[in-house]
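Okay, thanks for coming, everyone. I'd like to walk you through one model today, so let me put it on the screen.

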Amino acid sequence: MKIHFLGTGSIVPTEGRFASGILIEASNIKLLLDCGPGCIEKLRRIGVYPQDLNALLITHFHVDHVSDMLPLIKARAYGRDGFPALPPQMLEILGPKGLEKLVRHLVVDITEFSYISRMMRCFNYLKLTELSHGDKLFRGDWSVEVAEVEHYNGIAYKVVVEDKSIVYSGDTLPDKRLIELARGCDLLIHECSFPHETLIGKHTSDKQLAEILGEVKAKKVAVVHLYPAWEGREETLVEQLSKASRADIHVARDMDIIEL
Ligand SMILES: [Zn+2]
Ligand SMILES: [Zn+2]
């Protein structure tokens, strides 16, 4: 199985990092976690098209995590060749409470975008599933468990595919519910937005992440959602986190791959 790190930064682009998106790719399974700006084009670079995705899992509704969702919905109506797909394949989108309201607002209430629901009939091929803390879903070859986290209606996911567990924090303050969800997982993908001395917002710093890793004891760790302050300081970050954890720790850049 491959984990493709499409977007590992923030809304502020740097040479190696931009907004959030992670693809879990196993045999016959392609799950996209978050869909920030640029994700669809980055999927194309690895030969994956909107039509290939089994599901999109959204952690929260900030622009750096969802702004390619609308293009994804529209692109799903087409085939790879650019001709309309009749009928389009179903697209399942999972997300926190409010997902349905957001999608309806975008494709129904906003007059300029409403052709996507009226003419392209997107609700014929959309399945929207709202999730809350403790929810578990089984979808044949993969399953998902959810924990709410402290970040503006945010949720974290534990995805199990081929007996491997991958936990993705989304954006969050350090949160015990996430630690419980992630304990002993094969791969923890956790945000580390800012160095501790400059931490702002509902995010996690290096010092806090070290404490989290000490508790979770994941086998592998990927650090994501890095603001530009981290550019050039990646090795120091790995060294610092390694003092708290024996995990294999990787500070991700866009288009990196981790194999599980
Ligand atoms: Zn956020
Ligand atoms: Zn974010």
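On naming, helices (H or I, at least four residues) and strands (E, at least two) are DSSP runs, numbered from the N terminus.

Before I go on, the housekeeping. This is a predicted model, where local features need pLDDT of at least 70 and side-chain atom pairs count only at pLDDT 80 or more, while totals for chains, interfaces and linings use all residues. Residues are numbered from 1 along each chain as its sequence is written, and chains are lettered from A and ligands numbered from 1 in the order in which they are written.

Back to Val-146, then. Val-146 has 23 other C-beta atoms within 10 Å, so it is buried. The cut-offs there: 20 or more other C-beta atoms within 10 Å of a residue's own is buried, 12 or fewer is exposed, in between is partly exposed, and the C-beta atoms are placed from the backbone.

What does Val-146 touch, if we don't count residues up to four places away in sequence? The list is Leu-131, Ser-132, His-133, Gly-134, Asp-135, Ile-155 and Tyr-157. A contact means that the two C-beta atoms, again placed from the backbone, lie within 7 Å. Val-159 is 13 residues from Val-146 in sequence, and the C-alpha to C-alpha separation is 8.9 Å.

Asp-135 is on that contact list, so let's go there, citing its own numbers: 15 C-beta neighbours inside 10 Å, which means partly exposed. Asp-135 is in the loop that joins strand E6 (126–131) to strand E7 (136–138). Asp-135 and Ala-147 are twelve residues apart along the chain, with 7.8 Å between their C-alpha atoms.

Two residues from the loop between H5 and E6 are on my list: Arg-121 and Phe-123. Helix H5 is 115–118. Arg-121 has phi near 50°, a positive value in a residue other than glycine. With 13 C-beta neighbours inside 10 Å, Arg-121 is partly exposed. Phe-123 has 15 such neighbours inside 10 Å and counts as partly exposed. Phe-123 and Met-90 are 33 residues apart in sequence, and their C-alpha atoms are 9.4 Å apart.

Some backbone geometry for those of you who like torsions. Asn-28 also has a positive phi for a non-glycine residue, near 65°. Asn-28 is in the loop between strand E2 (21–26) and strand E3 (29–33). Is Asn-28 buried or exposed? Exposed, because it has 9 C-beta neighbours inside 10 Å.

Then there's a cis peptide bond, from Leu-86 to Pro-87, with omega near -10°. Pro-87 lies in the loop between helix H3 (69–75) and strand E5 (91–96). Leu-70 is in H3 itself, and Leu-70 is partly exposed, with 18 other C-beta atoms within 10 Å. Leu-70 and Val-103 are 33 residues apart along the chain, and 8.2 Å separates their C-alpha atoms.

Now some helix packing. Two packed helices are described by the angle between their axes and the distance between the axes. For helix H7 (residues 206–216) and helix H8 (residues 234–242), the axes come within 9 Å and cross at roughly 40°. That makes H7 oblique to H8. Oblique is what remains once you take out under 35 degrees (roughly parallel), over 145 (roughly antiparallel) and 65 to 115 (roughly perpendicular). The axes are lines fitted to C-alpha atoms, for helices over the stretch in contact, with angles from 0 to 180 degrees between N-to-C directions.

Which residues meet there? From H7 we have Asp-206, Leu-209, Ala-210 and Leu-213, and from H8 we have Leu-237, Gln-240 and Leu-241.

Zooming out to finish. The protein chain has eight helices and 14 strands. Its C-alpha atoms fill a box of roughly 55 × 35 × 30 Å along the principal axes. Buried residues are 43% of the 260 residues. Among contacts between residues at least 6 apart in sequence, 60% join residues at least 24 apart.

That's it from me. Happy to take questions.
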